[in-house]
Amino acid sequence: MPAQSVLIRDSSFLTRALQQYLSLLKKYPILTKSVTSGILSALGNLLSQALEYRKSNKENSPKKKINVLGPLHFAVFGLFITGPVSHYFYHLLEVLFPNTVPYCLIKRLLLERLIFAPAFLLLFYVVMNALEGKSLADVQNKLKTSFWPAMKMNWKVWTPIQFININYVPVQFRVLFANLVALFWYAYLASVRK
């Protein structure tokens, strides 16, 4: 009898996984968001490395090996910085600009885009370079050469995403929503940091 491939459509698995995530999110919101951030940040770095590997194969240039420290550094950043900082920031936005405040949608976006985003990107550069053991001079040089291009790209890519996130995504899911988009954003940041 020939073997058949059957798609697994066990929606009960997805339902259970979602229920488990929601339960953890309710019991341990910061820890759950932090762990999720760490995992998705590491995956973003792995995606970046996979894309570089694929590009080097097509160009017949020397093949780059997967750097296991890259995903580890991104996981540490996601776990200890992205998850907790984003959690508190999104809650702060709700306190500062509740839905009853006139123009709250624009005020939230302006605060996030003009204050939080540059500060967070700066923090990313400093922490990642520290994790890589770089000197202060290396950090300053990296900031001079790649911070502004990365910031401009951040504003282009993240502005519509964050408008949706901070105004229409329930506050408990904002870190997850941003992390899913950041999966690809971290791949971009890893490539411009080189």
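This is a predicted model: local features need pLDDT of at least 70, side-chain atom pairs count only at pLDDT 80 or more; totals for chains, interfaces and linings use all residues.
**Entry 1: T32**

I started at T32, where a polar side-chain atom sits 2.9 Å from the backbone oxygen of L24. I count this as a polar contact (a pair of N or O atoms within 3.5 Å; within protein, one must be able to donate a hydrogen and the other to accept it, and residues adjacent in sequence count only if both atoms are side-chain atoms). I number residues from 1 along each chain as its sequence is written, and side-chain values use heavy atoms, with hydrogens and water left out.

T32 belongs to helix α2, residues 29–58. My helices are DSSP runs of H or I with at least four residues, numbered from the N terminus. Is T32 buried or exposed? I found it buried, because its relative accessibility is 9%; the cut-offs are under 20% relative accessible area for buried, over 50% for exposed, and partly exposed in between (1.4 Å probe, protein chains only). Setting aside neighbours within four places in sequence, I see T32 in contact with Y21, L24 and L25, where contact means heavy atoms within 4.5 Å.

**Entry 2: salt bridges**

Next I looked for charged pairs. Side chains of opposite charge can pair when their charged atoms come close. My rule asks for a side-chain nitrogen of Lys or Arg within 4 Å of a carboxyl oxygen of Asp or Glu, and the count comes to 4 salt bridges.

One of them joins E94 and R108, with the closest N and O atoms 3.7 Å apart. E94 lies in helix α3 (residues 69–96) and R108 in helix α4, so this pair ties together parts that are 14 residues apart in sequence. E94 also forms a salt bridge with R174, and here the closest N and O atoms are 2.8 Å apart. That pair links distant parts of the chain, E94 in α3 and R174 in helix α6 (residues 174–192), 80 residues apart.

How accessible are the partners? I noted E94 as partly exposed, because its relative accessible area is 24%. R108 is buried at 1%, and R174 is buried at 4%. Through shared partners, the salt bridges join E94, R108 and R174 into one network.

I also logged the salt bridge between E112 and R113, at 2.5 Å from N to O. Both of these residues are buried.

L121 took me along α4, which spans residues 104–131. L121 is buried, with a relative accessible area of 3%. From its C-alpha to that of K156, 35 residues apart along the chain, I read 14 Å.

At what angle do α4 and α5 pack? I have about 145 degrees, with the axes 8 Å apart and α5 running over residues 136–168. Axes are lines fitted to C-alpha atoms, for helices over the stretch in contact, and angles run from 0 to 180 degrees between N-to-C directions. The residues of this contact divide into 19 nonpolar, 6 polar and 4 charged. For those classes, Ala, Val, Leu, Ile, Met, Phe, Trp, Tyr, Cys and Pro count as nonpolar, Asp, Glu, Lys and Arg as charged, and the others, Gly among them, as polar.

**Entry 3: Y103**

I ended in the loop between α3 and α4, where Y103 lies. Its phi is near 60 degrees, a positive value in a residue other than glycine. Y103 counts as exposed because its relative accessibility is 66%.

Methods. Helices (H or I, at least four residues) and strands (E, at least two) are DSSP runs, numbered from the N terminus.
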